[in-house]
Amino acid sequence: MSEPQSKVFLCLQANDETRGIVEAIRTDNPDAEFDYQPGMVRITNKGTMKVVRETVEEEVGREFDLQELHINIISLSGHVDEDDDVLTLTWNS
Amino acid sequence: MQMDLKTVEIKPQRETYAHVAARIGSKPASRYQEGTFDLQSTGNPHYRPLWDPRFDYFDEARTKIAMKDWYDFKDPRQYYYGSYVMVRAKQQENAEASFSFVESRNLGHAIPEDVKEAALRLLLPLRHAAWGASMNNDFIAAYGFGTGITQPALYAAMDQLGIAQFITRSALLFADADALDAAKTQWMEADEWQPLRRLAEDLMVEQDWFELFIAQNLVIDGLLFPLVYGTIIDDEISMRGGSAFSMTCQFQVDWAKEAVRWTDAQIKAAVKESDENAALVSEWVAKWKPRAIASLLPVAQIVLEDRAEAALEEVAAEFDRRLGKLGVAA
């Protein structure tokens with residue numbers, strides 16, 4: 001029996017600032033699931049999820065510092081690996 | 001008594017305006033999309049303008065470029081009034097800080113006299129060129145079709161006015177008000193400025209707004225900004241001890257980088273639409289580029305003297321590479 005793979009999740013406030021970020025996550029994580037709840041978006045994906053600065057910049061049309069993400073993060077799960085270009089959430093499998 | 005709180009999610013009937021949803025599907029739209037798509041008046045035109053009865057007030061036929069959907073012209077910076085004003089306000093603050101840094105440390109006095117004079121002779125008359133560029137973008141905003149391109153054109157017109165004002169402030173910082181009058185006389189009478197002034201004035205009577213876009217925003221700005229603010233002010237003048245000029249021209253450098261993104265996106269959209277458009281764009285570039293280069297040479301010579309030609313060639317080669325990437329014949 002194969003072990004079911006754990007899911008990582010990222011929960012963002014749903015507002016004008018995060019709209020482009022959510023779209024970027026959709027582009028970079030084609031398998032991710034998006035659950036729109038009142039005032040927030042809960043994004044889950046199996047095993048790993050990444051937020052890529054370059055994709056976000058294309059979506060929002062300006063320079064983007066990944067640290068800006070933290071203003072709108074409600075919660076997350078997974079090990080965080082963050083540098084200037086990409087934020088990755090993973091579970092050690 | 002026990003109370004249980006329960007959240008009820010109320011789905012909005014519609015996520016955005018119907019005309020925006022028709023373009024992007026029923027999902028939350030960004031403010032840029034809501035403040036841009038289909039804002040241009042179409043249909044039910046009033047009488048035709050007396051001053052030009054060939055066209056409606058808002059008429060797609062005012063340029064030879066043809067688009068199935070004029071909203072293919074999008075601004076990659078996604079500026080609507082709110083975001084545009086916020087970005088510029090921040091840049092204004094940065095520029096103010098640079099100006100007051102230069103002023104409070106008296107950096108102007110540290111510049112060798114001959115370098116200061118050459119830099120001012122080059123920089124100050126350019127505020128008249130910036131005003132011309134502003135007028136031309138006003139024209140595009142007034143006669144262009146589709147808010148996707150006319151809206152950022154109006155912002156570009158305001159930006160060019162801002163650039164003219166920053167140049168004026170540089171003049172007042174490094175010299176005095178008389179320098180502005182002298183620069184106006186230079187612009188009107190000095191031999192080295194006449195080709196550029198003639199080009200600027202010819203463009204003010206150009207009737208095809210997309211041709212004007214190419215001539216002003218792609219060709220002239222695409223050559224002038226890297227040459228004057230990159231090669232001359234940031235490199236040459238700074239090396240000769242005038243880096244204070246670099247600080248007061250910071251907005252122009254940042255703005256040019258940003259404007260390139262906008263301009264390139266418009267050219268790409270036009271070229272992608274049809275071979276006829278691509279041919280027109282190439283034809284217009286071929287028409288205006290040699291004139292722009294020829295009129296910038298005497299201007300570059302003010303500071304670079306006999307090295308001006310080589311510097312201009314380098315800038316032009318870089319510009320040709322940019323055109324190549326846009327699918328335009330250089």
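Modeller: Strands (E, at least two residues) and helices (H or I, at least four) are DSSP runs, numbered from the N terminus. This is a predicted model, so to be picky: local features need pLDDT of at least 70, side-chain atom pairs count only at pLDDT 80 or more, and totals for chains, interfaces and linings use all residues. Residues are numbered from 1 along each chain as its sequence is written, with chains lettered from A and ligands numbered from 1 in the order in which they are written.

Biologist: Okay, how many bridges join strand 2 of chain A to strand 3?

Modeller: Five, and the two strands run antiparallel. Within that pair, A:F34 sits opposite A:I43 of strand 3.

Biologist: And what's the strand order in the sheet of chain A?

Modeller: It goes 2-3-1-5, an open sheet of four strands with antiparallel pairing. Strand 2 (33-37) and strand 5 (73-77) are the edges; each has a single partner strand, so one side of each has no neighbour in the sheet. From one strand to the next, the twist averages 15°. Angles here run from 0 to 180 degrees between N-to-C directions, using lines fitted to C-alpha atoms, for helices over the stretch in contact.

Biologist: Which strands does helix 1 of chain A touch?

Modeller: Helix 1 (residues 16-28) packs on the sheet against strand 1 (7-13), strand 2 and strand 3, and its direction makes about 160° with that of strand 1. Contact here is when the C-beta atoms of two residues, placed from the backbone, lie within 7 Å.

Biologist: Switching over, how many helices and strands does chain B have?

Modeller: 14 helices and zero strands. Its C-alpha atoms fill a box of roughly 80 × 65 × 40 Å along the principal axes.

Biologist: I keep looking at B:I65. Buried or exposed?

Modeller: Buried, because B:I65 has 25 C-beta neighbours inside 10 Å. The cut-offs, with C-beta atoms placed from the backbone, are 20 or more others within 10 Å for buried, 12 or fewer for exposed, and partly exposed in between. B:I65 is in the loop between helix 2 (31-34) and helix 3 (81-104) of chain B.

Biologist: What does B:I65 contact?

Modeller: Setting aside neighbours within four places in sequence, B:F210, B:A270, B:N277 and B:L280.

Biologist: Last one: how many residues does each chain put into the contact?

Modeller: Eight from chain B and seven from chain A. The chain B side divides into two nonpolar, three polar and three charged. Asp, Glu, Lys and Arg count as charged, Ala, Val, Leu, Ile, Met, Phe, Trp, Tyr, Cys and Pro as nonpolar, and the others, Gly among them, as polar.

Notes
Two strands pair if DSSP finds at least two bridges between them.
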